[in-house]
Amino acid sequence: MSDITGGLETSGIGLIKRAIELDRSKRYTESLICYQEGLQLLIQANKATGRSEAGKTALRNKMVEYMDRAEWIKSHIDKEKTTGRYHEQIFIEENSTGFSYESLVSRFLLEKCERVEIDDPYIRSHHQIVNFLKFAELLVKSQCGLRVIKLRTSADTTDHQQQQTKLAEIGSSLATHHVTLHTEFSSSLHDREIRLSNNWTIKIGRGLDYFKPSPGKLAIGAFNYDLRPCRQTTVDIFYKSPP
């Protein structure tokens, strides 16, 4: 077996192990992606030359098992979506890592999504506005057909003008990507919720501000949020059938 084939198989097995772990935690949407990506790598590895027929057969049998499980998960998700009852919960432990915006949301942007509404009362201080910018960058990068972002937040009572200026700058930048930002300020907003026009809703207990501060500007995790320790919070994911 070549190094490349061995690398494909190792990576594929790693993704399958992660899929099984997520499956057991009933984090089905994440699990399905890992099963699909892991199986794709194992299929490539099994097609490679240098593997014995017995080895190919053994791996093929395991792949059938994983494919069957992935099909069950997909069917379960589709069924729950049809009834409007799909709910998935992720508990983020204190100081845990691997929970960037991309890891939480990107799989829901594989479908067309022209509008995203964000309710978060704490997009006020500079680091919170930077969090919003990073989330907006994810939306733009996803190429989901985004056209509008609507942000509802509360006014910064210490420097509302500066808050407005920073959000306006983000809005101007989004416009260059053909995305319109609508910002609304509410003094009674408390809930934190992200609503996608493709009917997915993500509720993060702490809103977008669930990361701990970076220990330094040049510290690992300063820019890559998958490497940034988190504060404890819960993420609830719902699919609401269109009326």
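A charge is taken to sit over a ring if NZ of Lys or CZ of Arg is within 6 Å of the ring centre and within 35 degrees of the ring normal. In this predicted model, local features need pLDDT of at least 70 and side-chain atom pairs count only at pLDDT 80 or more, while totals for chains, interfaces and linings use all residues. Residues are numbered from 1 along each chain as its sequence is written, and side-chain values use heavy atoms, with hydrogens and water left out.

By the ring criterion, the charged end of Lys 81 lies over the ring of Tyr 239, 4.8 Å from its centre. Lys 81 also meets Glu 111 in a salt bridge at 3.7 Å, N to O, a salt bridge being a side-chain nitrogen of Lys or Arg within 4 Å of a carboxyl oxygen of Asp or Glu. This pair links distant parts of the chain, with Lys 81 in helix α3 and Glu 111 in the loop between α4 and β2 (115-119), 30 residues apart. Helices (H or I, at least four residues) and strands (E, at least two) are DSSP runs, numbered from the N terminus. Lys 81 has 16% relative accessibility and therefore counts as buried, whereas Glu 111, at 32%, counts as partly exposed; the classes are buried under 20% relative accessible area, exposed over 50% and partly exposed in between (1.4 Å probe, protein chains only).

Asn 198 is placed in the loop between β5 (193-196) and β6 (200-204) and is buried, with a relative accessible area of 6%. Its side chain reaches the backbone oxygen of Phe 108 at 2.9 Å.

The salt bridges number 20. One of them joins Arg 69 and Asp 23, with the closest N and O atoms 2.6 Å apart. Arg 69 belongs to helix α3 (residues 53-83) and Asp 23 to helix α1 (residues 3-24), 46 residues apart. Asp 23 is buried at 9% relative accessible area, and Arg 69 is partly exposed at 29%. In another, Glu 80 pairs with Arg 85 at 3.5 Å between the closest N and O atoms; Glu 80 is buried at 15% and Arg 85 exposed at 52%.

Ten aromatic pairs are present, counted for rings of Phe, Tyr and Trp (its six-membered ring) with centres within 6.5 Å; planes under 30 degrees apart are stacked, over 60 edge-to-face and the rest tilted. The ring centres of Tyr 101 and Phe 135 are 5.6 Å apart and the planes stand at 85 degrees, so this pair is edge-to-face. Because Tyr 101 lies in helix α4 (residues 101-105) and Phe 135 in helix α5 (residues 126-141), the pair ties together parts 34 residues apart in sequence. Tyr 101 is buried at 4% relative accessibility, and Phe 135 is buried at 1%. Over the ring of Tyr 225 sits the charged end of Lys 134, 4.9 Å from the ring centre.

The largest nonpolar core contains 56 residues, and Phe 132 and Ile 149 have the most contacts inside it. Such a core is a set of buried Ala, Val, Leu, Ile, Met, Phe, Trp, Tyr and Cys residues joined through side-chain atoms within 4.5 Å. Beyond four places in sequence, the contacts of Ile 149 include Val 116, Ile 118, Phe 132, Ala 136 and Leu 139.

How values were computed: A polar contact is a pair of N or O atoms within 3.5 Å; within protein, one must be able to donate a hydrogen and the other to accept it, and residues adjacent in sequence count only if both atoms are side-chain atoms. Contact means heavy atoms within 4.5 Å.
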